[in-house]
Structure formats: C-alpha cells, structure tokens
Amino acid sequence: MRVGVIHGPNLRLLGRREPEIYGPDSLDDINRLLQGRADELGIELEIFQSNHEGELLDHIEDASARVAGFVINPGAFTHTSIALRDALVGVERPFVEVHLSNTAGRERFRRHSYLSPVAAGVVYGFGVQSYLLGLQGLVARLRA
Ligand code: DQA
C-alpha cells in the first residue's frame, strides 16, 4: 500500500517558523518520523510539498493514480481553498486532514476548514504526532 503525504504552503519553514506554535521539528524531521512509522506499518509513502495551490491540485490528480489515500496538512489553504477540496473529492481517495497546532483555539479565521467536512478524519493540536496519528488512522481505515 502506498499513501501520499502532502504538505501545503509555508510548511518547509518549519523549525524556524513560529516554533512556539509549530514546534522545533523541521519538515525533514517530520518526514523522517513519518517514514519510520510507514516502515512499521509496512506501507510506502510518497511525500510532496508545495507553496502553490495549482501545483497541489496537479499533484493530487497525478498521485491519485499511485496512492490509496492521502495525509494532508493544507496549511492556510485549509481556510481558503474550495479548489483543494474539490480536487480531493474528485480523485475519490480518502484523506486525513492534519494540523500541527490546535486551529480551533487560535484566530477565528483558522476555525473554518473547507476540507474537514469531506475528510475521512481530522487530527489537530498534537504537533508532529498529528501527522503520525493521521497516517495510522488512514491506514487502519484503508485496511478495514
Ligand atoms: C497549520 C494551521 C494553519 O492555520 C496554518 O495556516 C498553517 C499550519 C498547522 O499545521 O497547524 O500553515 O496547518
């Protein structure tokens, strides 16, 4: 089984971006932890990051031919992008939405997600663990 991991805009700044909110781990650190969990679960990962909405849409379309589902941290596009929601629904692959921070406890504009209503599940507020829990949940669902 192969799962797509997608990191949206500004997430390659992790490690130096607002560490009091997003924690000390860099994107490479997070990807290493994800790879470790994927090895334990006996699955393959295809990891992608982009700051560009259109690139994310193209990637979702292309990768959907190769992966059984997605774990996605859509970054700020969570709160703005109907196009991202439409792409994820359109490719008919289950996805888990993850966030490092507790978006429900931050600014009002972060409380709304265009993706959550169509996600298989949502994990937020656990730092890097949100990704690992999201991956585990997705794989359990795909295997069910
Ligand atoms: C984030 C939360 C978003 O509101 C924000 O725009 C991000 C990161 C998170 O992982 O906590 O870029 O998705």
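The structure is a predicted model, in which local features need pLDDT of at least 70 and side-chain atom pairs count only at pLDDT 80 or more, while totals for chains, interfaces and linings use all residues. Residues are numbered from 1 along each chain as its sequence is written, and side-chain values use heavy atoms, with hydrogens and water left out.

Gln-49 belongs to strand E2; helices (H or I, at least four residues) and strands (E, at least two) are DSSP runs numbered from the N terminus. With a relative accessible area of 19%, Gln-49 is buried, where buried means under 20%, exposed over 50% and partly exposed in between (1.4 Å probe, protein chains only). The Gln-49 side chain also makes a polar contact of 3.0 Å with the side chain of Asn-51. Beyond neighbours within four places in sequence, Gln-49 is in contact (heavy atoms within 4.5 Å) with His-7, Gly-8, Pro-9, Asn-10, Leu-11, Arg-12 and Leu-27.

A polar contact of 2.8 Å links the side chains of His-7 and Asn-31. Apart from residues within four places in sequence, the contacts of His-7 include Leu-27, Ile-30 and Leu-34, as well as Ile-47, Phe-48, Leu-56, Asn-73 and Tyr-131. Val-5 is another residue of E1, and it too counts as buried at 0% relative accessibility. The C-alpha atoms of Val-5 and Phe-48 are 6.2 Å apart, although 43 residues separate the pair in sequence. With residues up to four places away not counted, Val-5 touches Leu-34, Leu-45, Glu-46, Ile-47, Phe-48 and Val-71.

The loop between strand E1 (2-7) and helix H1 (19-22) holds Asn-10, and Glu-18 has its place in that loop as well. Most residues other than glycine have a negative phi. Asn-10, however, has a positive phi near 70°, and Glu-18 has a positive phi near 35°. Asn-10 counts as partly exposed at 35% relative accessibility, and so does Glu-18, also at 35%.

Helix H3 (residues 53-63) and helix H4 (residues 82-90) have axes that come within 9 Å and cross at roughly 5°. Here the axes are lines fitted to C-alpha atoms, for helices over the stretch in contact, and angles run from 0 to 180 degrees between N-to-C directions. H3 and H4 are therefore roughly parallel to each other; the classes are under 35 degrees for roughly parallel, over 145 for roughly antiparallel, 65 to 115 for roughly perpendicular and oblique for the rest. Glu-53, Leu-56, Leu-57 and Ile-60 of H3 meet Ala-83, Leu-84, Ala-87 and Leu-88 of H4 in this contact. By class, the contact has seven nonpolar, no polar and one charged residues, with Ala, Val, Leu, Ile, Met, Phe, Trp, Tyr, Cys and Pro taken as nonpolar, Asp, Glu, Lys and Arg as charged, and the others, Gly among them, as polar.

Which residues of H3 are buried? They are Leu-56, His-59, Ile-60 and Ala-63. These residues cover an arc of only 100° around the axis, which puts them on the same side of H3; the arc is that of the directions from the helix axis to the C-beta atoms. The cover over the buried residues of H3 includes E1, strand E2 (44-49), E3 and H4. Glu-55, also found in H3, is partly exposed, with a relative accessible area of 42%. Not counting residues up to four places away, Glu-55 touches Phe-48 and Ser-50.

In H4, the buried residues are Leu-84, Ala-87 and Leu-88. Seen down the axis of H4, they fall within an arc of 95°, so they line one face of the helix. The buried residues of H4 pack against H3, strand E3 (69-73) and strand E4 (95-99). At the start of H4, a side-chain oxygen of Ser-81 comes to within 3.5 Å of the backbone nitrogen of Ala-83. After H4 comes Glu-92, with a positive phi near 55°.

Definitions and conventions:
A polar contact is a pair of N or O atoms within 3.5 Å; within protein, one must be able to donate a hydrogen and the other to accept it, and residues adjacent in sequence count only if both atoms are side-chain atoms.
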